[in-house]
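Keep the viewer open as you read.

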Amino acid sequence: WEDVQAFDGYWEGSGASGGSFSSVPDVWNSYGSGYLNIQQHGGYKAMKIFRYEDLVTDPAAVLEQLARLFGVGLPKQEVEIPEEASKSHGKARNREEALKVIAQRTFARAYSQPELRAACRRLNQTLVAAMGYHTPECSALPPERKNAPALPAAPVATGPNFEARRGRQANPASAKHQMSQF
């Protein structure tokens, strides 16, 4: 139980930067490393991290893994995979569109080269690989200009950092504002 308590505050919105995030990559780094820490420290009896991309591209395999994790059999009837968009707000996509975005990585084209460079600098590439992702857009960027401003290293949530954050209250308005500034 002490291992689980070490993550108190994490789920309340506090992150590696102490309750607010300076960028979207910081949010990803904080949550991703938090999930891996819980998994590695046995915060739950059994834990499996499922990636959104795997759920969209191969839902049958994810369902099979879930059934194994819970110790139950697969349903006797075929599971219907919804093809329509699952939400009605934001950039809602149907399954076919989501598959295309994942395969072609069109999401990366939404960012300017400076924005993409900043995101690549802030993303913890060790964490990216540990979560089963890759970032070809980062390695494809042209070399940076010599006088470009440096960004601080990407923060990583680790076990001792969780203890330091225990008891802090997050400011959701501040975190929301800062997340939108990426």
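Begin at helix α5, where the cover over the buried residues includes α3 (52-57) and α4 (59-70). Covering here rests on contacts, meaning heavy atoms within 4.5 Å. Helices themselves are DSSP runs (H or I, at least four residues), strands are E runs of at least two, and both are numbered from the N terminus. Buried means under 20% relative accessible area, exposed means over 50%, and partly exposed lies in between (1.4 Å probe, protein chains only).

A word on what you are looking at: this is a predicted model, in which local features need pLDDT of at least 70 and side-chain atom pairs count only at pLDDT 80 or more, while totals for chains, interfaces and linings use all residues. Residues are numbered from 1 along each chain as its sequence is written, and side-chain values use heavy atoms, with hydrogens and water left out.

Which residues of α5 are buried? In this helix, spanning residues 95-104, they are Arg-95, Ala-98 and Val-101. They sit on the same side of α5, because the arc they cover around the axis is only 120°; that arc is taken from the directions from the helix axis to the C-beta atoms. On the face of α5 turned away from the buried side you will find the exposed residues Glu-96 and Ala-103.

Both ends of α5 deserve a look. Just after α5, Arg-105 has a positive phi of about 55°.

Now step back to the whole chain. It has 10 helices and zero strands. Of its 182 residues, 28% are buried. Among contacts with a separation of 6 or more, 68% are between residues 24 or more positions apart.

Take the cysteine to begin with. The structure holds one disulfide, a term used for a pair of cysteine sulfur atoms within 2.5 Å. It joins Cys-120 to Cys-138, with 2.0 Å from S to S. Cys-120 belongs to α6 (residues 113-122) and Cys-138 to α8 (residues 136-139), so the bond ties together parts that are 18 residues apart in sequence. The disulfide is left-handed, because the torsion about the S-S bond of Cys-120 and Cys-138 is about -90°. Both Cys-120 and Cys-138 are buried.

Side chains of opposite charge can pair when their charged atoms come close. A salt bridge here is a side-chain nitrogen of Lys or Arg within 4 Å of a carboxyl oxygen of Asp or Glu, and the whole structure has five. In one of them, Asp-26 meets Arg-122, with the closest N and O atoms 2.7 Å apart. Asp-26 lies in α2 (residues 24-40) and Arg-122 in α6, so this pair ties together parts that are 96 residues apart in sequence. Both Asp-26 and Arg-122 are buried.

Another salt bridge links Glu-64 and Arg-68 (3.4 Å, N to O). These two are four residues apart in α4, so about one helical turn separates Glu-64 from Arg-68. Glu-64 counts as partly exposed at 39% relative accessibility, whereas Arg-68, at 56%, counts as exposed. Asp-54 and Arg-51 also form a salt bridge (3.0 Å, N to O); Asp-54 is partly exposed at 30% relative accessibility, while Arg-51 is buried at 18%.

Finish with the rings. There are two aromatic pairs, where rings of Phe, Tyr and Trp (its six-membered ring) pair if their centres lie within 6.5 Å, with planes under 30 degrees apart counted as stacked, over 60 as edge-to-face and the rest as tilted. One of them is the edge-to-face pair of Trp-28 and Tyr-133, at 5.9 Å centre to centre and 75° between the planes. Trp-28 lies in α2 and Tyr-133 in the loop between α7 (125-130) and α8, so the pair ties together parts that are 105 residues apart in sequence.
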